Amino acid sequence: MVNVILLGPPGAGKGTQAKRLEESRGMVQLSTGDMLREAKTSGSEMGRRAAEVMDRGELVTDEIVIGLIREKLQSPAAGGFIFDGFPRTLKQADALGELLAQMGQGLDAVIEMQVDDAALVARITGRYSCGACGAVYHDDTKPTKVEGVCDVCGSTDLRRRADDTAEALSKRLMEYYKKTSPLIGYYYAKGQLSSVDGLAEMDAVSAAIAKVLDKRG
C-alpha cells in the first residue's frame, strides 16, 4: 500500500495520471472536488456539514475537508491513496500529516509534475473536444481529420472550455504558484519529493511515476 500526493499546476495532467494509477495499482484517487460533490449526497455527518456550507455559498473549511479525507481513509484501498488537489497550503500539509499519523498510515511519495509555463499554456489553449462523444483534440498535436467534424462520431459540436484561454490560465497558474509552491520546499526538506516531466508523453510520465512509487513503496 502506497500513499502519494500529486503536485502540479492546472493542466499538468494530475487527474489523468491518478486515473492510470487507479487502474494499474488498485489505488483510490482522493480529489477534493469529487469529495465535495459526493458529500452532498453521502448522508454522513461531515458530508452534511460540507453541504450546508456549500449551500450558503461559503468556502469549505480545512477542518471539513480533513474530515472528509478521514472518512475515505477508513475505507479499505488495497493499493493506497492518491491525493489530488490537496494539500494546497502548508497548513493543510501539516493537517494531512497529522491525520495520516493518527490513522497509522504514512505518506510514501510526493510527486511534482514539472511543466514549462509557456508550453503548458500552448497545450491547454489548443484543446477542444466533441460535445457529443467527449473525444479530445488539439489544434497542433491532434486536430480532427476533417476540420470541424469529430473523427469518432461525426458530430460537428466541437467545443472549447470557457476557461481554456491564455488569460484565464495565467491567473490559475499565478494562484497555484502563490499558494502551492511552498509545498515543494516543505516536502523536499522532508525527503519525500520527487519530480517528473509533466509535459512528456503520457506513457513516459506514467513510467516515471511508477519508478518513483516502486522505489518508495
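1. Five strands form an open sheet with parallel pairing, in the order β2-β3-β1-β4-β8. At its edges lie β2 (28-31) and β8 (193-197), each of which pairs on one side only. Neighbouring strands are turned against each other by 25 degrees on average, with direction ignored.

2. The β2/β3 pair. Ser-31 has Asp-84 of β3 as its bridge partner.

3. Helix α4 over the sheet. Helix α4 (62-73) lies across β2 and β3. Its direction makes an angle of about 160 degrees with β3. Angles over 145 degrees count as roughly antiparallel, so α4 and β3 fall in that class at about 160 degrees.

4. Helix α2 against α4. Helix α2 covers residues 32-42, and its axis comes within 11 Å of the axis of α4. The two axes cross at roughly 85 degrees, which means that α2 is roughly perpendicular to α4. On the α2 side the contact is made by Thr-32, Met-35, Leu-36, Glu-38 and Ala-39. On the α4 side the residues are Val-65, Leu-68, Ile-69 and Lys-72. By class, 6 residues of this contact are nonpolar, 1 is polar and 2 are charged.

5. Annotated positions. An unreviewed UniProt entry places the feature "binding site" at Thr-32, Arg-37, Glu-58, Leu-59, Val-60, Gly-85, Phe-86, Pro-87, Arg-88, Gln-92, Arg-161 and Arg-172. Do they sit together or apart? They span 141 residues in sequence, and the farthest two C-alpha atoms are 29.5 Å apart, so the positions do not all gather at one spot. Thr-32, one of the positions in the UniProt entry, also takes part in the contact of α2 with α4.

6. Two of these positions in loops. Glu-58 is found in the loop between α3 (45-55) and α4 (62-73). Its relative accessible area is 43%, so Glu-58 is classed as partly exposed. Gly-85 is placed in the loop between β3 (81-84) and α5 (90-102). With a relative accessibility of 16%, Gly-85 counts as buried, because the cut-off for buried is under 20%.

7. Points to keep in view. The "binding site" feature is taken from an unreviewed UniProt entry, and the coordinates are those of a predicted model.

Note on methods: Residues numbered from 1 in each chain as written. Predicted model: local features only at pLDDT ≥ 70, side-chain atom pairs only at ≥ 80, totals over all residues. Heavy atoms only, no water. UniProt positions renumbered as here; feature names shortened; annotations may be inferred. Helix = DSSP H or I, 4+ residues; strand = E, 2+ residues; numbered from the N terminus. Buried < 20%, exposed > 50% of the residue type's maximum accessible area, 1.4 Å probe, protein only. Pairing = 2+ DSSP bridges. Axes fitted to C-alpha atoms, helices over the stretch in contact; angles between N-to-C directions. Contact = heavy atoms within 4.5 Å. Parallel < 35°, antiparallel > 145°, perpendicular 65-115°, else oblique. Nonpolar A, V, L, I, M, F, W, Y, C, P; charged D, E, K, R; others polar.
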